[in-house]
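Take a walk through this structure, one step at a time. Keep the 3D view open as you read.

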Amino acid sequence: MMAEEPTPERIRDQRIYRDFGLRDDEYERICARLGRLPNYVETGIFSVMWSEHCSYKSSRKHLRALPTTGRDVLQGPGENAGIVDIGGGLGVAFKMESHNHPSAIEPYQGAATGVGGIIRDIFTMGARPIALLDSLRFGPLDRERNRYLFGRVVAGIASYGNCVGIPTVGGEVVFDEAYTHNPLVNVMCVGLIRSDRIARGVAEGVDNPVLVVGAKTGRDGIHGATFASVEDPQSHERSAVQVGDPFMEKLLLEACLELIERGIVVGIQDMGAAGLASASAEMASRAGNGIDIDVALVPRRETGMTPYEVMLSESQERMLVVVQRGREAEAQAIFTKWGLDAVVVGRVAPPLSDTSARGVGGLLCIREGGRVVGEIPVAALVDEAPVYDRPAERPAYLDDPALMAADDLPAASDLTADLLSLLARPTIASKAYVYRQYDFMVRASTVIRPGADAAVVALPDFSRGIAMTTDGNGRYVYLDPRRGSIHAVAEAARNLVCVGARPLAVTDCLNFGNPGKPGIFYQFVESIRGIGEACRALGIPVVSGNVSFYNETGGQDIFPTPVIGMVGLVENLEHLITPDLKAAGDVLILLGSDAVTLGGSEYAAMRSGRALGPTPPVDLGLEGRVQAMCREVIGAGWVRAAHDVADGGLAVAVAEMCIAGDTGAVLELAAPGRADVALFGEGGSRIVLEVAPEHVAMVEQTAAMRDVPCTTLGYVTDDGWLALTLYGKQRSDIPVKVALSVKALREQWEGALVWAMH
Amino acid sequence: MKFAVIVFPGSNCDEDAVRAVRRVLGVVVDAIWYQTASLDGYDAVIIPGGFSYGDYLRAGAIARFAPVMTAVRRHALAGRPVLGICNGFQILTEAGLLPGALLPNEHLQFRCEIVTVQVETNQTPFTSAYRVGQQIRLPIAHGQGNYYADAATLEELRAHDQIVFRYVGENPNGSVDRIAGIVNRQRNVLGMMPHPERAVHPLLGSTDGAPVFISLLHTWEALFAGPSPVETSAVGVRSACAGGRE
């Protein structure tokens, strides 16, 4: 810590603002806006509020293009979380957020505090958190450091979620060289809310008291937001990573929900990135008011903290709450019951009268005791944060024929060995090693547990359920940013449909490299285009999201990785569908196109050791029809199992269904082209269904009526073997046969991650 | 019959226990704050799972000093049933109401899955609705479920038929003698790591936990002759579960 804070003049003359991450032109804008030089605390607050992390200055312009409205939307982007209506007076609040940078430096606390932060975003809306999901990406496990990062991130998530008592029910884990230096930790939380009890982050009602509640404030995590906005966080200190206390979070959760339930709350917001500075400015901004805060009143766990440190601390498990004037004591009684601090630190201040000169809204006034130590118009911090129109330029690699050459791979020599190897790819293999460390059953409502296409959590009366999933495919997006992003949305929706749900809405977590590189920014812009296109075509709005840039180390950027979190509604839990095969004699049917390619596939990546394109084409019209039809036949009660065909293609999908159900299957496929393409090729819009023989005709008729390609693949057996026969173009061609015991498949699939980690 | 479910700061299976009692038995059940001094009027007490006080010192080590534990001890000494599930089991051993201790899992990881457990005795108020030797499926979710007791204590437990549940197949945590649950010598205090309250609905993957609650009710009814007042319309569930299990 600095002994003495630099003067405004020194900040200017020595360009100290640059250390805060502010550019010269940004600093000049601040001076012009204030009509004077900002002091140390003001410079700090501007730097975090104008950081990429808080201001979305590079992404904002493009994010506006996403569809954010719809019949069911109760709360769109701009709040702590989005909310959709599910009828019966209930809504689902959900959001996904990244904690990539902290996790790269201190994986255990980085991941744990990521979980803590997203849980707070949900209960700050007044919603009871009912589930967590984690979308994780790491480098290959043959390297010690990647095993360390993977193991500690999972342990950190487990420690936090398990203790708070929110089940971790799903997500994904992907391994690729592209994430070696920048692992991705995206955490999603889903909550249930009474639609007439939505709390918002607004500082309304002039003179209403402003309270800091929860944990005490320390020096941890100062400038975390800034440091998430620069490349190569490794070069920074671990002390910028906060430490989580899930026990405190559990108490805070219960106390805040009680407070909201009592109707005392006017506005409430998590103190996440940029702490008190950001929470107070954003709450004031949403209400068009100001906030007057005395930092001397903020409960601390360290002595000698400066106003700068108090305003920018990212100590976890704290909230900023505005309550109705005169009801402070009631609020404090609730927090006292839970053993927590709740201290009035300030008041809501009126908007400035002279709006012409200083913009709409009020002042963020920071005092220490009687002395004013900082004074900034809220509008300058929030509404007037810079918006950049960064240049985007199609990167050369996208037109490199050598990269788009997956179909030039020589034909497979041993399909049996390839199938076993695919099942043992850590990205495809069973994730039980991960999810058995998570309490996925607490709250006793998890009716589809981890390992299926999507998880389903039952509503308290067990009549209906909330389905949820996360999906992304960085390799697809890298090879074709727009098309790959369409695939991510389509696959997420397909996963929900496969368990019998109707997709409702999206939260997106956009992980990209350095936006200052035109090629990277092109990926970003194209990706958003794709997400928007797919969401519009499938009628699914985006209600919340998060952008994580600068996932770059030593000039190496990650695969552009938009992760789509999606929730859906299962109207009738009696029609819950899982991917495990149920009964010998049932027929296996493929919905969707059999036009697949090796481009972008996990198989091509396995064979070549790198990403090989092009990303398979996607027909959103067909996608919509396949999904609608799948829901229709599930709703009719004709489907016993369903599974999305994704990484590893048809052979892997059916193998997974056999392993899950402990059954065998016999498949006969017409494969006029290459056998490996037919078995392992990828392409969207495909679902495998298990249908009882008596319902096959109905399913086929429905497919014909709905213009959905529908192929009978074979049937379920009880002999413990998966037998695949591929017939060539001509009758005289010798069929290709692949036969494997399900026991052998299971060994590879179940063992891969465990072996890799031990 | 009236149930109390104790709520410590950090309990997180309290609501599940309350809902399970309501769903399976339909009797009165109250959540009782840890600062409550008396449990008078309650027939059975459940200490639920979770992370009381964050489990920061050692699972259950701080909860045992909570005011309500004096009342729990009185309740137990009076011979009334106390059921400790998961963190509740840990608290009961820390409080000395059950012998032995729960150590960190042998593999040092948290473990959540549905396991097979064998009912070793039905001579308890918690297991009378099971058959001896019956294998049931129950969820586990814990980081410190590795039951340990010294040889003499183990011998005592065996000699007095106090081992109530044992894991079948893979031992998920390294427990000595595969122990998943034990009762005290007086047979009115049960501690178990598996979660019966999470196995009370077919959609949860198992209803094998319901007989724990049914046993408690049957025992109570036998003692006090006559059905207990029912809070909601869950009687149907109760008979359906009871019928399906015996």
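In chain B, 77% of the contacts with a separation of 6 or more join residues 24 or more positions apart. This is a predicted model. Burial is the next thing to look at: 57% of the 246 residues in chain B are buried.

Now the outline of the chain. Along the principal axes, the C-alpha atoms of chain B fill a box of roughly 45 × 40 × 35 Å. The radius of gyration of chain B is 16 Å, which agrees with a compact globule, because such a globule with 246 residues would have a value near 18 Å.

What is chain B built from? Its secondary structure comes to 6 helices and 11 strands. An open sheet of 9 strands can be traced in the order S2-S1-S3-S4-S11-S10-S9-S6-S7 of chain B. The pairing in this sheet is mixed. Strand S2 (28–33) and S7 of chain B are the edge strands, and each pairs on one side only. On average, neighbouring strands of this sheet are turned by 25° against each other, direction ignored.

Strands of a sheet pair through backbone hydrogen bonds, either parallel or antiparallel. One pair shows how this looks here. S6(B) and strand S9 (residues 163–168) of chain B run antiparallel, joined by 4 bridges. Find B:Val117: its bridge partner in S9(B) is B:Tyr167.

S6(B) also matters for the next stop, where the two chains meet. Chain B puts 23 residues into the contact, and chain A puts in 23 residues. On the side of chain B that touches chain A, helix H1 (14–24), strand S6 (111–119) and strand S7 (135–142) of chain B each supply at least two residues. Which of the elements gives the most to this side of chain B? S6(B) does, with 3 residues. By kind, the residues on this side of chain B divide into 11 nonpolar, 6 polar and 6 charged.

Last, turn to the largest nonpolar core. It holds 342 residues. Those that touch the most other members are A:Met49, A:Ala454, A:Val489, A:Val499 and A:Val654. Helix H10 (residues 246–261) of chain A gives the most to this core, with 10 residues.

Pick out A:Val489. Leaving aside residues up to four places away in sequence, A:Val489 touches A:Val506, A:Ile531, A:Ala534, A:Cys535, A:Leu538 and A:Ile564.

How values were computed. Residues are numbered from 1 along each chain as its sequence is written. Chains are lettered from A and ligands numbered from 1 in the order in which they are written. This is a predicted model: local features need pLDDT of at least 70, side-chain atom pairs count only at pLDDT 80 or more; totals for chains, interfaces and linings use all residues. Two residues are in contact if their C-beta atoms, placed from the backbone, lie within 7 Å. Ala, Val, Leu, Ile, Met, Phe, Trp, Tyr, Cys and Pro count as nonpolar, Asp, Glu, Lys and Arg as charged, and the others, Gly among them, as polar. The radius of gyration is taken over C-alpha atoms; the globule rule is 2.2 Å times the number of residues to the power 0.38. A residue is buried if 20 or more other C-beta atoms lie within 10 Å of its own, exposed if 12 or fewer, and partly exposed in between; C-beta atoms are placed from the backbone. Two strands pair if DSSP finds at least two bridges between them. Axes are lines fitted to C-alpha atoms, for helices over the stretch in contact, and angles run from 0 to 180 degrees between N-to-C directions. A nonpolar core is a set of buried Ala, Val, Leu, Ile, Met, Phe, Trp, Tyr and Cys residues joined through C-beta atoms within 7 Å.
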